[in-house]
Amino acid sequence: MSPPLLGVEEEVQSSVSSPSVECISENGMGLKERNYLGLSDCSSVDSSGVSSNLNLATELRLGLPGSQSPERETEFCLLNLGKLDEKPLFPLLPSKDGICSSSQKNVVTGNKRGFSDTMDGFSEVKGYVYTEKSWMFHEAGSDSESPQSVGHGKYPGNSGVNVILSTRSPGVQASVKQDEPANVLQEQPRATNGTSLKQTVISNNTTGAPAAKAQVVGWPPIRPFRTKTLAASSKNNDEVDGKPGPGALFVKVIMDGAPYLRKVDLRTYSTYQELSSALEKMFSCFTLGQCGSHGTAGKEILSESRLKDLLHGSEYVVTYKDKDGDWMLVGDVPWEMFIETCKRLKIMKSSNAIGLAPRAVEKSKANNKKEFGYGC
Amino acid sequence: MQKEMAYSFPDEVLKHVFSFIQSDKDRNAVSLVCKSWYEIERWCRRKVFIGNCYAVSPRMVIRRFPEVRSIELKGKPHFADFNLVPDGWGGYVLQWIAEMAGAYPWLGEIRLKRMVVTDESLELIAKSFKNFKVLVLFSCEGFSTDGLAAIAASCKNLRELDLRESEVDDLSGHWLAQFPETCTSLVSLNISCLGSDEVSFSALERLVDRCPNLRSLQLNRAVTLDKIANILRRAPQLVDFGTGNYAAELQPDVFSNLAGAFSSCKELKSLSGFWDVVPAYLPALYSICPRLTSLNLSYATIQSPDLIKLVSHCPRLQRLLFLIQVLDYVEDSGLEELASSCKDLQELRVFPSDPFGVEPNVSLTEQGLVAVSLGCPKLQSVLYFCRRMSNAALVTIAQNCPNLTRFRLCIIEPKTPDYLTLDPLDAGFGAIVEHCKDLRRLSLSGLLTDHVFEYIGTYGKKLEMLSVAFAGDSDLGLHHVLSGCESLRKLEIRDCPFGDKALLANAAKLETMRSLWMSSCAVSFGACKLLGQKMPKLNVEVIDETEPPDSRPESYPVDKLYIYKSVAGPRFDMPPFVWSMDEAVKILH
């Protein structure tokens, strides 16, 4: 396999209005915002990650045989690389100081771009760079959720810039990490990772404590039918095995009046409070009586506190169906016992819940607001 | 085409010729030849396959193909199998059934995968299609035994009812009794997914009794070992059989009864099921082992020695076996045995018995797979879970099995490097794509850099489906794939550092693919919106269960992204946590 032909390009930015080549050396600071079509209005595209002027595709295309994208009239590709295949490559721009480049091919096109600050936003979070046999995480942001492989390499954590040279990988980020205002992955808490990647790092955890190996959602990729079947088998085979069940424990959640049911993994929570918050979030749209106002949804969805008020106003209770098929109010038994017996959850209107175990209802009334979000 | 030619082939002749053309691809090509061929073809197309139910609307399908008899639909993205797609995402079949009920009174076959099927849909099917023959619900959900009862009761000529891996709500066990006594047409019945209480055994026995053409039967767990013999004796013509529970206290009469029942099935070629196996009962199979071409022991928690015994005590087993699915209890030694016996093996799947355990519980490593690759040159399809791998092993496998068309390797711990050298596994997977020129499907795992994607882009010219997790360093990786893999139809990515650049640079490529899934990557909301704006032929959907993506800056990455080509425009059944990036939708809201 021939060595990769690409390398990191220096940051090159083109002027918006003309296709001429210009080099605006900005030391990696505050990349100007451009959108991919070279148009100056870029209200929809504002992050450096999106607007950085790179021409990665052309360079790459030239390196790889047969990797032509289909010809089209209009801007078929949002980096406007349409005519690039025919153009020769000329290194017109001087290398930027402090940036290493392992390739001599600089692509020149109508929209001059460089394969510049390529990975800054991204691989810092999740990528790594090879330096001979060792590698380190290239992390310049405070991204605590980056999935980090157990036991490998070092974790610079919240350290600053790392400039790493590599002669092997084309994916070198040689750009000096800058304090870009809108660096995508630097600031935000990546809420998403909370749901998808619960795996925490064993060493250098941001919380400080060495975390046990938690589970990643959907990994390893095994169909739920198989997991369920094997779980049932092993339960039959070794009842005495006190090992806390691994794997997810999905139960269905129905809400009165909701158009579809949801599933929650009870193992992702350790208290009733956590479950309660999760359910609130999940079903908040239903209590609003509207689903689907997307454009302005950010303004319209109730804040969590308002929602809590609504729910504490005794509209809904959460019940569960236990192993024996009886419907009980949630919150009675210790959490561990609860997840053992809970087969299904149902959020119903308090008026419908009257038939349930009265003792439980009384108890729930007494410990109303503190214990569990959905009081009665 | 000259006019003379057109006149020399009257429509009936062309129709007759076209009736021999079955494959969708060929039919599509036929319809492009000229207008009259398009017309003739569309009137005689009987079978439609729709790989993404949102790519086209029922009305459009009906308008173009008015005489369809068989339809196949797929709904949710593949990663829904691994709980990455939230419930309520979509994939509802009801609207399809409703529209087809009016337009296709002769519809006979419905095959669905990963769709939400309600009892209402099933009842509508039962009511609307007088000639209904085949219902396959693969990995579907949303229905109960009530819906099944409706199907059983109304479909007089039902041939196939296959519920594999679906989630069925247990309400009552007596739906099987709804098959009328006059129903004798069943050829295939798969109820393996049903819970214990949902099958009335006597009704099942009577049903099996009166269906002489029953060829394929997959029982569920509730059917205990002693009952299997009864069923088999009623259906000695079975070709494909899935046992229920295969465990019981060892009793000689039960054993001999079972062995006798199996041996009376002279046509039996394929076995599955085997939940809760008692190894002592495995020898009951010996009489049929020589004929077996397919053996699925992937739910059988038997240890390697028992498996080796099974394989080796059947003298002719080796020659006919094509597919084996086993748990990794089989271990390397079991696989080595397999490799020496089963020279005709074409497909191997090895599932993990303890996927969430931290330490390996069995001795299954890359050696097992290498052994099989060495011993079974006809190997085409591999699904292999293991805990360690090396580039050397992968290179060996690639060189031994150049005919591989599907290769899915799952190294259980994400980002595990080559255990010998600690290198990433780029070179190993590179060898796979380089040597296996017909590779159509590939799933990656282990420690991987952008290099591996460069190999894939360079060599994976026939690759149609690629699954990527915890891999890559930068957008370059994604770009290699999108720009290099000419045949790529489905790409699914999770937890990789791929962002806007490669996606936007290859936006046009997305129009040539069926779909792209990216979750926990680094694609910004702004980029999604841009794609939605600029690419009208694509539906760009952002999934976020925590909060609306526009409540954060546009540079924030989206949680999950699903992009697919569609001629139907944005869909109208999106739940609140799915946002369409289509301009039109935004205006409406």
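Helices α16(B) and α17(B) are roughly parallel to each other, because angles under 35 degrees count as roughly parallel. Their axes come within 7 Å and cross at roughly 5°; axes here are lines fitted to C-alpha atoms, for helices over the stretch in contact, with angles running from 0 to 180 degrees between N-to-C directions. The touching residues include Leu394(B) and Ile397(B) of α16(B), and Phe429(B) and Ile432(B) of α17(B), where contact means heavy atoms within 4.5 Å.

Some ground rules come next. This is a predicted model, in which local features need pLDDT of at least 70 and side-chain atom pairs count only at pLDDT 80 or more, while totals for chains, interfaces and linings use all residues. Residues are numbered from 1 along each chain as its sequence is written, chains are lettered from A in the order in which they are written, and side-chain values use heavy atoms, leaving out hydrogens and water.

**Helices in chain B**

Helix α17(B) has another partner: its axis and that of helix α18 (residues 450-459) of chain B come within 8 Å and cross at roughly 5°. These helices, α17(B) and α18(B), are therefore roughly parallel to each other as well. Among the residues making this contact are Val433(B) of α17(B) and Tyr455(B) of α18(B). Helices are DSSP runs (H or I, at least four residues), strands are runs of E (at least two), and both are numbered from the N terminus.

Is helix α19(B) enclosed or open? Ten of the ten residues of α19 (residues 475-484) are buried, so this helix is largely enclosed by the rest of the structure. Buried means under 20% relative accessible area, exposed means over 50%, and partly exposed lies in between (1.4 Å probe, protein chains only). Among the buried residues of α19(B) are His479(B) and His480(B).

**One buried leucine and one surface patch**

Leu285(B) sits in the loop between β11 (270-272) and β12 (294-297) of chain B. This leucine counts as buried because its relative accessibility is 1%. Leaving aside neighbours within four places in sequence, Leu285(B) is in contact with residues including Phe262(B) and Leu310(B).

By contrast, Val17(B), in helix α2 (residues 11-18) of chain B, counts as partly exposed because its relative accessibility is 40%. Together with Phe9(B) and Val13(B), Val17(B) makes a nonpolar surface patch of about 230 Å².

**Salt bridges**

Side chains of opposite charge can pair when their charged atoms come close. A salt bridge is a side-chain nitrogen of Lys or Arg within 4 Å of a carboxyl oxygen of Asp or Glu. By this rule the count over all chains comes to 30. Here are some of them:

| Salt bridge | Closest N and O atoms |
|---|---|
| Glu39(B) and Arg42(B) | 3.2 Å |
| Arg489(B) and Glu464(B) | 3.1 Å |
| Arg571(B) and Glu541(B) | 2.9 Å |

Glu39(B) and Arg42(B) both lie in helix α4 (residues 35-44) of chain B, three residues apart, about one turn of the helix. The other pairs link distant parts of the chain: Arg489(B) and Glu464(B) are 25 residues apart, and Arg571(B) and Glu541(B) are 30 residues apart. Arg571(B) is buried, with a relative accessible area of 6%, and Glu541(B) is buried too, at 1%. Arg223(A), Asp81(B), Arg114(B) and Glu165(B) are linked in a network of salt bridges.

**Chain A**

Chain A has twelve helices and seven strands. Buried residues make up 48% of its 376 residues.

Conventions: Patches are made of residues with over 30% relative accessible area and no salt bridge: like charges are joined within 9 Å, nonpolar side chains (Val, Leu, Ile, Met, Phe, Trp, Tyr) within 5 Å. Accessible areas come from the Shrake-Rupley method with a 1.4 Å probe; for residues, only the protein chains shown count as cover. Angles under 35 degrees count as roughly parallel, over 145 as roughly antiparallel, 65 to 115 as roughly perpendicular and the rest as oblique.
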